Amino acid sequence: MNHPANHASRVPWSISTIDPLVIAEIGVNHDGDLARCLELVHAAASSGADAVKFQWFDPDQLLSTSSSAVAYQRDAGESDPRAMLRRLSLSIDQLTEAAVLADSLGLLAGVTVFTPALVEAAERPPWSFLKTASPDLGNRPLLDALRGTGRPLILSTGGHGMPEVHRAVSWVGPRDLALLQCVSSYPTHLDDAALAGIQQIAGTTGLPVGYSDHTTSIQAGGLAVAAGATILEKHLTLDASLPGPDHALSLEPAAFHEYVRFAREARRMLGGPEKVAQACEAEVRLASAQSVAVR
């Protein structure tokens with residue numbers, strides 16, 4: 001694996017420590033089953049991920065009674081989003097067990113928190129980082145609550161433009177912060193992947209920028225690294241054919257392992273930030289450079 005042994009549960013840790021930081025998004029692919037959640041943590045470790053990420057929400061706080069399922073949820077057979085989230089939720093004690101397991105396997109662990117009222121309790125598990133989902137980039141009460149924790153924070157930016165990105169950064173203020181280019185479409189078609197957005201976000205904010213990958217491509221992570229991503233977030237499932245909103249856009253362990261391998265290879269091929277003469281070029285340069293000679 002590509003990460004240091006010291007985690008947030010032990011000593012302070014920075015988002016910029018690992019490049020690329022590969023996060024296996026478990027999300028709700030545990031289907032509300034703790035045993036399956038723990039199996040996914042093991043699968044993430046075996047697949048070469050650096051971190052796992054979970055979601056913590058209270059369906060009654062998150063959704064109104066008038067909420068309706070969106071297209072990709074309907075395609076997965078869901079009709080009532082509140083009932084769906086109740087079925088897919090884990091308690092904070094269960095998430096703590098998953099976070100502790102992740103730490104024991106050498107993985108960082110993070111969680112997406114969806115409502116301000118949950119932030120205080122969300123600090124109980126040994127999270128290495130906290131995260132917001134794309135729809136909450138403009139949710140200032142939530143960002144203020146997360147800022148107050150002092151933990152590393154990752155913000156997804158799907159469905160928003162640069163003015164809204166800069167506004168969120170100004171709200172959060174100076175801290176250990178990273179942003180994820182993201183396309184809030186499930187799954188994301190390759191023509192809509194928008195990897196070039198990584199460069200604009202990084203260039204205008206000066207922050208670490210990654211890619212929250214909702215494509216089904218094994219190569220998208222490596223291409224995102226080539227475009228400048230230092231973080232990759234990709235959904236992991238045990239079986240992509242399972243019912244549920246996110247399984248179909250997720251990678252199974254073998255494919256996830258290949259995803260990680262290609263991303264790491266892309267980072268090695270990218271090299272350093274400057275154009276320089278490399279040591280491997282020295283012999284050919286010496287032998288081939290023309291010069292003035294006397295016969």
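How many of the seven residues of β1 are buried? Seven of the seven, so β1 is largely enclosed by the rest of the structure. Buried here means under 20% relative accessible area, with exposed over 50% and partly exposed in between (1.4 Å probe, protein chains only); strands are DSSP runs of E, at least two residues, and helices are runs of H or I, at least four, numbered from the N terminus.

Before going on: this is a predicted model, where local features need pLDDT of at least 70, side-chain atom pairs count only at pLDDT 80 or more, and totals for chains, interfaces and linings use all residues. Residues are numbered from 1 along each chain as its sequence is written, and side-chain values use heavy atoms, leaving out hydrogens and water.

Next, show the neighbours. Five bridges join β1 to the parallel strand β8 (residues 231–235), and Glu 25 stands opposite His 235 there. β1 also pairs in parallel with β2 over four bridges (pairing takes at least two DSSP bridges).

Now select helix α1, residues 34–46. Its buried residues, including Leu 34, Cys 37 and Leu 38, pack against β1, β2, α5 and α11 (contact is heavy atoms within 4.5 Å). Just after α1, look for Gly 48, with a positive phi of about 95°.

Last stop: Thr 132, in strand β4. Thr 132 counts as buried because its relative accessibility is 0%.

Note on methods
Expected span 1.5 Å × (residues − 1).
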